[in-house]
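Please look over the model below before reading my comments.

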Amino acid sequence: MQNPVSEQFEDDLQQLRHLIDALPICISYVDANYRYQFINQVYIDWFGIPRSAVINRHMADVIGEVAFAHVRSYVEQALAGNYIAYETTVPYLHGGTRTIAAQILPVLEPDGKVRGCYAMIIDISQRKQSEEQLHLHEERWQLALEGSGDGVWDWYPQTGIEILSDRLREIYGYEKEEIDDLSEELDKRTHPDDLRQMYQDRQDHFDGKTPIYINEHRVQCKDGSWKWILTRGTVIQRDAQGRPTRMVGTHTDISVRKQAEVALRESEERLRMALSATHQGLYDLNVRTGDAIVSPEYALMLGYAHDSFQENKKNWTARVHPEDFSVAARAFREHLEGKTEEYRVEFRQKKASGEWGWILSVGAVVEWDREGRPQRMLGTVLDITEKKKTEALVWQQANIDTLTGLPNRRMFYDRLDHDIKLSKRHKLSLAVLFIDLDFFKEVNDTLGHATGDALLVEAAHRLRTCVRESDTVARLGGDEFTVSLPEMHEPNRAESIAQNIIRCMSTPFLLAGEEIYLSASVGITMYPRDADNLDDLIKHADQAMYAAKAQGRNRFSYFTPSLQTAALARLRMTTDLRAAIADRGLCVYFQPIIDIHTGLIQKAEALVRWPHAQLGFISPMEFIPIAETSGLIVAIGDLVFYEAVRWVKKWRELYQPDFQISINQSPMEFQADQERYVKWIHDLAAQNLPGQAISVEITEGLLLDASQKITSKLLQFRDAGIQVALDDFGTGYSSLSYLKKFDIDYLKIDQSFIRNLAADTSDIALSEAIIMMAHKLDLKVVAEGVETQQQHDLLKQAGCDFAQGYLFSRPLPPEDFEILLQQQKT
């Protein structure tokens with residue numbers, strides 16, 4: 001957004017330029033090397049030279065060597081610090097001559113050194129011609145002077161008579177009869193503050209100290225306003241004692257010029273105040289000597305007193321941070337060489353406290369010597385330390401993992417892209433490793449997130465020790481890490497590092513007084529053998545990592561094309577499954593659960609089935625894991641629930657009032673929205689069904705997560721009367737403490753115990769023990785996978801409550817299952 005102060009300054013400066021261009025005076029500014037730095041429009045009109053052909057050029061090159069020779073001595077006196085006024089005749093650049101009246105004002109630095117001078121020139125060629133005729137015809141001389149716009153006076157100091165021309169009276173708004181021809185008339189109208197200097201300049205001329213009487217002062221007009229005038233005169237007659245008896249001169253109205261000068265000073269002050277308001281410091285640098293004049297704001301910015309800071313004006317380079325010096329020096333050099341329009345650089349500069357502060361320095365060369373070499377630079381400095389801290393924080397947050405301090409996904413992608421380009425340029429291989437910590441979730445859920453975070457920090461440290469400084473280790477999220485190994489000269493280096501990582505991760509972690517055992521699964525992919533772009537390399541490394549997990553974990557696996565084929569198959573299956581859910585292409589089957597003592601169907605388990613249009617029935621063992629990883633399992637769970645509710649309502653009404661349907665719940669579903677099961681409970685109530693109409697089957701692994709999210713949902717079921725069954729009991733982390741902690745209603749003995757069930761096997765002993773334990777805890781037992789009569793009889797003899805398996809029925813569509821209920825009722 002544009003700074004309003006800067007806009008006002010630019011407007012004021014533009015108005016000032018228009019004002020100066022409107023003056024009927026040729027105005028120019030040259031520096032100490034006689035090079036033009038400013039000209040107004042009158043100058044352009046006089047010489048017929050465009051501004052671009054004048055600025056930064058030597059006077060001799062612009063007005064010609066001959067004309068320069070005429071005026072050089074006057075300019076030299078001004079550059080020596082003197083105020084100069086003169087009249088002279090100079091040759092035109094293209095022939096002829098011009099008579100000029102000029103004033104030259106030196107422009108000083110704060111230390112008194114002259115940096116240049118302003119020249120204000122009036123073409124008095126016509127007036128001079130008239131003056132030369134004055135001896136022949138004085139009236140013609142006066143008319144010629146007044147024709148130039150000046151007022152003319154003719155003064156006789158011994159008598160006090162001063163004849164004033166009509167034009168002179170007109171300048172101040174008076175008619176002829178309103179001012180007498182007396183010198184006191186103008187003197188008494190002169191501003192009191194200007195009288196002393198005017199008298200001094202007049203006396204100096206009388207005494208022969210100056211060739212021309214010149215003075216600027218204010219005169220009060222008839223309307224009470226004040227006008228600035230330039231008076232110039234010369235003694236043309238003296239008596240025998242050398243006293244002046246006659247003096248002639250002119251009054252020139254210079255009010256516009258004076259207003260322009262005031263406006264210029266005000267603009268400069270506003271600029272200084274504007275920069276001060278923005279807390280910017282100013283500097284004026286002598287490029288040749290290295291001396292720098294700085295503003296108080298600059299010194300204050302660095303914590304110095306202005307005087308002490310200015311005393312060391314040549315030592316500014318010593319305050320620049322060594323790491324930034326080359327950058328600042330290069331920017332400075334390139335600007336001096338004309339390669340950049342401005343000098344702009346950010347660097348650290350030492351403060352009085354010894355700390356380093358960031359500053360932005362912007363400057364430009366404003367003066368050159370006669371050979372065109374930079375001589376003076378003006379610029380500003382701004383403290384950007386806080387801005388730099390903010391930028392660093394934003395960069396840190398955008399690129400660094402806050403927990404481990406490793407590069408995050410974004411930064412890893414940038415690094416890997418750079419590594420790929422480097423390997424391509426040097427024609428070397430590159431490896432990408434994808435690392436997943438085995439069993440991390442179980443540890444995190446069991447020991448808490450604080451321990452899990454500490455584990456990730458230690459794992460990150462171990463990973464860094466396994467690679468070179470030039471390699472990149474990153475955390476993508478959770479317990480997933482990646483490693484980029486660029487420019488591999490040894491063909492087996494990736495495998496060696498993978499083995500080293502696996503060994504490091506297998507070493508016990510000692511955290512919070514606990515000895516924790518983990519392992520790592522590592523996937524490896526190679527550039528350019530497996531892929532030649534970033535996305536494919538990461539995808540292939542991920543696929544190889546999952547292959548390592550599938551092979552038993554705690555190992556590494558290289559990417560192979562078959563992994564890609566399998567991944568594509570999973571992708572296609574995910575797409576088809578999502579479409580099947582949207583198009584209601586999934587269906588729910590029911591498998592009866594028998595009361596083992598009565599032989600009656602008391603319950604049913606709802607099982608989802610997928611009849612694929614091209615592939616036929618797809619096993620739940622294939623699509624359920626995909627549904628879990630893709631998040632589609634929640635939609636499938638809702639489908640099974642609402643179908644179960646629809647059929648259990650009907651079957652309770654028609655066949656058995658206490659009939660119950662059990663539905664499986666994946667751990668992924670328990671991580672879903674807290675309100676999901678509230679909707680289930682409300683739907684049961686809307687159907688006038690008690691909670692006991694539904695039983696929810698969960699796995700033992702879910703009970704390892706003792707988080708509030710899990711326990712609150714189990715309590716929801718208990719309060720609603722929905723019963724909970726522990727599925728696949730005996731295959732996981734079976735623990736009596738879990739059974740006592742949570743409200744469990746049923747244990748389901750896994751079919752792996754039932755499959756080899758015989759009177760003289762350990763399986764029957766384990767089954768009997770499970771049944772006895774469950775009954776002691778007031779739990780019912782369901783045996784899964786019962787396929788033979790012998791298995792049935794042994795379970796019945798052991799006291800099992802319910803049985804489920806192909807001995808009784810396969811899972812059936814609801815219409816076929818209902819036939820079983822009809823037959824049982826009959």
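1. Basis. This is a predicted model, in which local features need pLDDT of at least 70 and side-chain atom pairs count only at pLDDT 80 or more, while totals for chains, interfaces and linings use all residues. Residues are numbered from 1 along each chain as its sequence is written, and side-chain values use heavy atoms, with hydrogens and water left out.

2. Cavities. The structure holds seven cavities of 30 Å³ or more. (On a 1 Å grid over the protein atoms alone, a cavity is a set of points where a 1.4 Å probe fits but cannot get out; lining residues have an atom within 4 Å of a point. Volume is the space filled by probe spheres set on the points, which are joined across faces, edges and corners.)

3. Lining of the largest cavity. It comprises 22 residues; Phe47, Ile63, Val71, Ile100 and Ile121 lie nearest the centre. The lining divides into 20 nonpolar residues, one polar and one charged. (Ala, Val, Leu, Ile, Met, Phe, Trp, Tyr, Cys and Pro count as nonpolar; Asp, Glu, Lys and Arg as charged; the others, Gly among them, as polar.) Elements that each supply at least two lining residues include β1 (26-31), α4 (65-79), β4 (97-108) and β5 (114-123). (Helices are DSSP runs of H or I, at least four residues; strands are runs of E, at least two; both are numbered from the N terminus.)

4. Strands around β5. β4 and β5 pair antiparallel over nine bridges. (Pairing needs at least two DSSP bridges between two strands.) Ile100 has Asp123 of β5 as its bridge partner. β1 also pairs antiparallel with β5, over six bridges. In the β4-β5 hairpin, five residues lie between the strands, and Gly112 takes a positive phi near 90°.

5. Five-stranded sheet. This open sheet runs β12-β11-β15-β14-β13, with antiparallel pairing. Its edge strands are β12 (292-294) and β13 (343-350).

6. Aromatic pairs. The count comes to 20. (Rings of Phe, Tyr and Trp, using its six-membered ring, pair if their centres lie within 6.5 Å; planes under 30 degrees apart are stacked, over 60 edge-to-face, the rest tilted.) Trp155 and Phe206 form a tilted pair, 5.8 Å centre to centre with 35° between planes. Trp155 lies in β6 and Phe206 in α9, so the pair ties together parts 51 residues apart in sequence.

Technical notes: On a 1 Å grid over the protein atoms alone, a cavity is a set of points where a 1.4 Å probe fits but cannot get out, and a pocket is an open set with protein on both sides within 12 Å along at least five of seven lines; lining residues have an atom within 4 Å of a point.
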